Amino acid sequence: MTLQLGRHCIAPALVLAPMAGVTDKPFRQLCRRLGAGLAPSEMLTADPGLWETPKSRARMDHSGEPGPISVQIAGYDPAMMANAARHNVAHGADIVDINMGCPAKKVCKRDAGSALMKDEALVARILSAVVDAVDVPVTLKTRTGWAAGHRNAVRIARIAEDSGIAAIAIHGRTRDQKYAGQAEYETIRSVKQAVGIPVLANGDIDSPEKALQVLEATRADGLLIGRAAQGRPWIFREIDHFLRTGEHLPSPDARQISAWLTEHLDGIYRLYGEYRGVRIARKHIGWYVADQPARAAFLKQAMRLESADAQLVAVRRYFEGEAHPDRDSVGQAA
């Protein structure tokens, strides 16, 4: 399963969904290495006054990443969005993704993210301005609508196609649902039937079987995977293998998970420095051990550690069996 975006062939058509505070460079690199065909950046504001903050500078760092580089931008003003697109392309972006799916209050209160779905005329102006501003493919991430009784993803998709958008990804929830309840896929299938551009499905894809189910239900051209990749970046290769062969890859053992997590943590420390890195690493460690034995006792100790060396030693001991008696079962739940 492949996806063509301009001159870029995305193979497999399994994309890491951008998640603020999660999909930084170390995580993107690991997901790409473990099977993701594309890993867009965390959402970047279109406001140039915020580009020099430490957070934005970290999000704009793509050195050493495999191409193509996809950068997601968010905003509400067509001219600012066009300027942000040009800025990111000038700094290495091969693909520009427009965020129209984030339900966070701090984003929506500025009429950005999924709040844009309320104003289809503004959507058209933003999409056209960004497409006209750059000579790289522009993609769009959105939702099924802005409220339960207002699902307008089909109209938004038609606007996107008319504006020159290269592909559209749809999360199977409305803005007011945020991440609650279950994703629905009928709207995504309706979008696929309504437009000729590639459509990617997103929402609750947490296993190879679910990936196949969603593809069959929506007839989508690819999938976005977000929360299910937290602590499980190898989900991409599991899904890719299953879709190609109908068979499951063996679950990674504890030592393999330890190696991947160690690689991930090393990247976090290099990007943020030890003080910030240790604190950012804590949530990732929690996700990696979510389904592992003796989790509570390990986390009680690990969340108090203050140095990178201590975190790494604790992780290795936990996964390699020195920290608890269940060493033979560690990793099997993944």
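Pro 12 sits in the loop between strand S2 (8–10) and strand S3 (14–16). In this predicted model, a cis peptide bond joins Pro 12 to Ala 11, with omega about -5°. A cis peptide bond also links Gly 67 and Pro 68, and omega there is about -5°. Pro 68 belongs to the loop between helix H2 (54–59) and strand S5 (70–74).

Most peptide bonds are trans, and most residues other than glycine have a negative phi. Asp 204 has a positive phi, near 65°. This residue is placed in the loop between strand S9 (199–202) and helix H8 (208–218). Its relative accessibility is 23%, so Asp 204 counts as partly exposed. Arg 219 is not a glycine either, yet its phi is positive, about 60°. Arg 219 lies in the loop between H8 and strand S10 (222–225).

Helix H5 spans residues 120–133. Its 14 residues reach 20 Å from first C-alpha to last, close to the 20 Å expected. The buried residues of H5 are Leu 122, Val 123, Ile 126, Leu 127, Val 130, Val 131 and Ala 133. They cover an arc of only 165° around the axis, which puts them on the same side of H5. An α-helix has 3.6 residues a turn, so residues three or four places apart point the same way. The cover over the buried residues of H5 includes helix H3 (78–90), strand S6 (95–100), strand S7 (138–145) and helix H6 (153–163).

Mean pLDDT is 88, and 91% of residues reach 70 or more. Over residues 103–111, pLDDT stays under 50. Residues 327–334 also stay under 50.

Technical notes. Residues are numbered from 1 along each chain as its sequence is written. This is a predicted model: local features need pLDDT of at least 70, side-chain atom pairs count only at pLDDT 80 or more; totals for chains, interfaces and linings use all residues. Side-chain values use heavy atoms; hydrogens and water are left out. Helices (H or I, at least four residues) and strands (E, at least two) are DSSP runs, numbered from the N terminus. The expected span of a helix is 1.5 Å times one less than its number of residues. Buried means under 20% relative accessible area, exposed over 50%, partly exposed in between (1.4 Å probe, protein chains only). The arc is that of the directions from the helix axis to the C-beta atoms. Contact means heavy atoms within 4.5 Å. pLDDT is the predictor's confidence in each residue, from 0 to 100.
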